[in-house]
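Please read the model below from the overall fold of one chain down to its contact with a partner chain.

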4 protein chains.
Amino acid sequence: MYQHETTVRVRYAETDQMGVVYYGNYPQYYEVGRVEAIRALGISYKSIEEQGIVMPVSKLNIKYVLPAKYDELLKIVTIVKEKPDKRITFKCEIYNEADNLINFGEVTLAFLDIKSKTAVHIPDFIWNKMKVFFNE
Amino acid sequence: MYQHETTVRVRYAETDQMGVVYYGNYPQYYEVGRVEAIRALGISYKSIEEQGIVMPVSKLNIKYVLPAKYDELLKIVTIVKEKPDKRITFKCEIYNEADNLINFGEVTLAFLDIKSKTAVHIPDFIWNKMKVFFNE
Amino acid sequence: MYQHETTVRVRYAETDQMGVVYYGNYPQYYEVGRVEAIRALGISYKSIEEQGIVMPVSKLNIKYVLPAKYDELLKIVTIVKEKPDKRITFKCEIYNEADNLINFGEVTLAFLDIKSKTAVHIPDFIWNKMKVFFNE
Amino acid sequence: MYQHETTVRVRYAETDQMGVVYYGNYPQYYEVGRVEAIRALGISYKSIEEQGIVMPVSKLNIKYVLPAKYDELLKIVTIVKEKPDKRITFKCEIYNEADNLINFGEVTLAFLDIKSKTAVHIPDFIWNKMKVFFNE
């Protein structure tokens, strides 16, 4: 299992007239969470694309527990529980400043070779950085 | 069961550098779908809020089948299958111009009384417009 | 002079906690306005890119007169006043349902050859559709 | 004159199919810049609203010099040059990781009393924190 924490500050743009973060903005927070989780491994998602791999999302689930408010510094916990293969699933938990769980879910992404447009296994240059967390 | 169809044109703003619609923009399309589905019943979501009810999202699931591309006129099919009570679930299917299913999912929303901040049953002024579709 | 009108419905996602459209969402409405203005000439912006030309924005000005509200059907008036050359300027006026001018501004875009990354004159396949509006 | 610097990391969501940041996303970066500039004075924009003042944008100008790319850590410089009165103007400059100026502009906001919906002078609790930068 690999786990990582980062933070994101709620922007005014991300609120809606209900006075809380619009439900459709959480996928951006999840993106920030997993990009920083990958960066902490020593890989940027940018470099993954530069090596010819894109990672389109195939599945998204979100459960909304409490609203996030403007200007809150949210804690984003990103977890990879299962060993990735042709797909990787990032679990995500978001906590507000009072440390209440306000939102959780998961995002599954595929590894896609840009040129051949075919699904591939997790590339070695990524797996080599992750395998220590999966006892391999 | 209540079913409704509308369309949405993909904006440049909604694409990302993968050359397709960003995964986090589909919740906006789902919103357009359900708002127009409600409007076709003779109710605007705006008027629901003006009558003191807000509808926060409690759950979102999306499966991504094919990418949506810039400028495509997407067809959004919105379906209410189960009789709403304290919550209402909108199923959503998105089709591209070639009529391929590219994306589907569901959004569950609660009915919340603005003043008391408590969950309530679907208000009569909404249910009265929907019950014909549920044999009531 | 070339002038075109279209409409856009304000999405919930586009409001902020001030209860009106977020100031940073108007550039998207301007985009919708100019894309539909071009389409009305018989050209899609998509086809422009397919012919190897991209049109990056070089300048944007907006004046905010009145707020736009959720669910309003806004009228977007897009005007090309000056003959385009290496750049094209779209003036934009947005009116609410009461036909009050709520927002106006202009966007200047360049014509850029994708391969050579150099600025070019307005391509003939575009100008040929526009020149009738400029007495040429 | 008051000047402040902060950074923002470009999200995938903020790019478009041209492979760079969408022109309409810069107002969000400007927002981040001025909100952090205000916070550095010891005031949060959130607390301003809690004291009954909202700050709607009345004018926005942007010049786009170079594109911002995915994952870049942009430097946002926010400057208040003129003494604010009923309005405040934030100049904004954005630099990429190579320290090239890629984008600049200005945003003018009004001070509006929420209850009376009338324009007011800059509130004392804000001005008291700023006046030292204007030799007052």
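**From chain to interface**

Of the contacts in chain A with a separation of 6 or more, 69% join residues 24 or more positions apart; two residues are in contact if their C-beta atoms, placed from the backbone, lie within 7 Å. This is a predicted model, in which local features need pLDDT of at least 70 and side-chain atom pairs count only at pLDDT 80 or more, while totals for chains, interfaces and linings use all residues. Residues are numbered from 1 along each chain as its sequence is written, and chains are lettered from A and ligands numbered from 1 in the order in which they are written.

Chain A holds three helices and seven strands, where helices (H or I, at least four residues) and strands (E, at least two) are DSSP runs numbered from the N terminus. Their order from the N terminus is β-α-α-β-β-β-β-β-β-α. The C-alpha atoms of chain A fill a box of roughly 45 × 30 × 20 Å along the principal axes.

Buried residues make up 40% of the 136 residues in chain A. A residue is buried if 20 or more other C-beta atoms, placed from the backbone, lie within 10 Å of its own, exposed if 12 or fewer, and partly exposed in between.

Because 12 of its 14 residues are buried, helix 1 of chain A is largely enclosed by the rest of the structure. Among the buried residues are A:Tyr26, A:Tyr30, A:Arg34 and A:Ile38. The cover over the buried residues of helix 1 includes helix 2 (45-50) and strand 1 (2-9) of chain A, as well as strand 3 (57-64).

Strand 3 of chain A also pairs with strand 3 (residues 57-64) of chain B, in the antiparallel sense over five bridges; two strands pair if DSSP finds at least two bridges between them. In this arrangement A:Lys63 stands opposite B:Lys59.

The contact between the chains takes 16 residues from chain A and 16 residues from chain B. On the side of chain A that touches chain B, strand 3 gives the most, with eight residues.
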